[in-house]
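Visitor: Please take me through this model and say what lies behind each term.

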Amino acid sequence: MVGEGHLEVGKNVYYTVHKLCHMVLALKPFGCMPSSQSDGVQSAVINKFRDMIFLPIETSGEGEVNAHSRVQMALGEAKVKTKAEFEQCLQKTGKSIQEIRAYIEEHPELKRPFYPVPHREGVAGTAAQFILHVSERIDKDTRFWKRSRVPGVAVPATAGGD
C-alpha cells in the first residue's frame with residue numbers, strides 16, 4: 001500500500017455509501033507512513049459516517065491477543081448490522097421466514113452453493129439479498145399461477161336422478 005493511504009479512505013467511504021459491506025478491516029504493515037496518515041483521516045471520516053465500521057490492524061508487536069480481541073469486537077458490531085438488515089428485508093417482503101424456507105425446499109436449485117443471487121442496490125448482506133430474491137421468485141410464480149389457472153367449469157347437475 002505504498003503511497004496509497006488516500007485510496008483506503010476513498011474505498012471505505014465508497015463501500016459505506018453504496019452499502020457494499022458492513023465492515024472494512026484493513027491489515028497493514030507496521031510503520032507504514034501512508035497507513036498512519038490514513039488511520040488519522042479515517043477517524044474524521046467515521047465521525048461523518050456513523051454507521052461505518054472500520055478496523056485498522058497493523059502487523060506489529062502489539063500482540064496477537066489484542067488484535068484478535070479488536071477483530072472479534074468489530075465482527076460483533078457487523079453481525080448486529082447484518083441481522084438488522086436481514087430483518088428489515090424480510091419485513092419488506094411481507095412474507096414469513098417459514099414461507100421463504102418452504103419455497104426453497106420446493107426449488108432445490110436455490111440451495112446450490114454457486115446459485116447466482118443478484119445484487120440489489122443498498123443491501124450489503126448476502127442473506128438479505130437472497131431473501132429479497134426468493135420473495136420476488138415467489139411473487140412471479142404466484143402471478144404466473146394465477147394467470148395460467150383455468151377458471152372452474154360448472155358441471156351441470158343431472159335432473160331426474162340419473
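Guide: To begin with a term, contact means heavy atoms within 4.5 Å. This is a predicted model, so local features need pLDDT of at least 70 and side-chain atom pairs count only at pLDDT 80 or more, while totals for chains, interfaces and linings use all residues. Residues are numbered from 1 along each chain as its sequence is written, and side-chain values use heavy atoms, with hydrogens and water left out.

Visitor: What does Arg137 touch, not counting residues up to four places away in sequence?

Guide: Arg137 touches Tyr103, His107, Glu109, Leu110 and Tyr115. Arg137 and Tyr103 are 34 residues apart in sequence, with 9.1 Å from C-alpha to C-alpha. Arg137 is placed in helix H5.

Visitor: What makes a run of residues a helix or a strand?

Guide: Helices (H or I, at least four residues) and strands (E, at least two) are DSSP runs, numbered from the N terminus. On that basis the protein chain has 5 helices and 2 strands, in the pattern α-β-α-β-α-α-α along the sequence.

Visitor: Why does Ser135 count as buried?

Guide: Buried means under 20% relative accessible area, exposed over 50%, and partly exposed in between, with a 1.4 Å probe and protein chains only. Ser135 has 5% relative accessibility, so Ser135 counts as buried. Ser135 lies in helix H5 and, not counting residues up to four places away in sequence, touches Thr93, Lys95 and Ile100. Of the 162 residues of the protein chain, 30% count as buried.

Visitor: Why is Lys19 called partly exposed?

Guide: Lys19 has a relative accessible area of 38%, which puts Lys19 in the partly exposed class. Lys19 sits in the loop between H1 and strand E1 (24-29). Although not a glycine, Lys19 has a positive phi of about 50 degrees. Most residues other than glycine have a negative phi.

Visitor: What makes a set of residues a nonpolar core?

Guide: A nonpolar core is a set of buried Ala, Val, Leu, Ile, Met, Phe, Trp, Tyr and Cys residues joined through side-chain atoms within 4.5 Å. The largest has 10 residues: Leu90, Ile100, Tyr103, Ile104, Leu110, Tyr115, Phe130, Ile131, Val134 and Ile138. Helix H4 (97-106) and helix H5 (126-148) each give two or more residues to this core, and H5 gives the most, with 4. Apart from this core lies another, of 8 residues, among them Ile53, Ile57, Ala67 and Ala78.

Visitor: What is Ile100 in contact with, leaving aside its neighbours within four places in sequence?

Guide: Ile100 is in contact with Leu90, Lys95, Ile131, Val134, Ser135 and Ile138.

Visitor: What makes a space a pocket and not a cavity?

Guide: On a 1 Å grid over the protein atoms alone, a cavity is a set of points where a 1.4 Å probe fits but cannot get out, and a pocket is an open set with protein on both sides within 12 Å along at least five of seven lines; lining residues have an atom within 4 Å of a point. The largest pocket holds about 290 Å³, a volume being the space filled by probe spheres set on the points, with grid points joined across faces, edges and corners. Of the 18 residues that line this pocket, Lys19, His22, Lys81, Glu85 and Gly122 are the closest to its centre. H3 gives the most to the lining of the largest pocket, with 5 residues.
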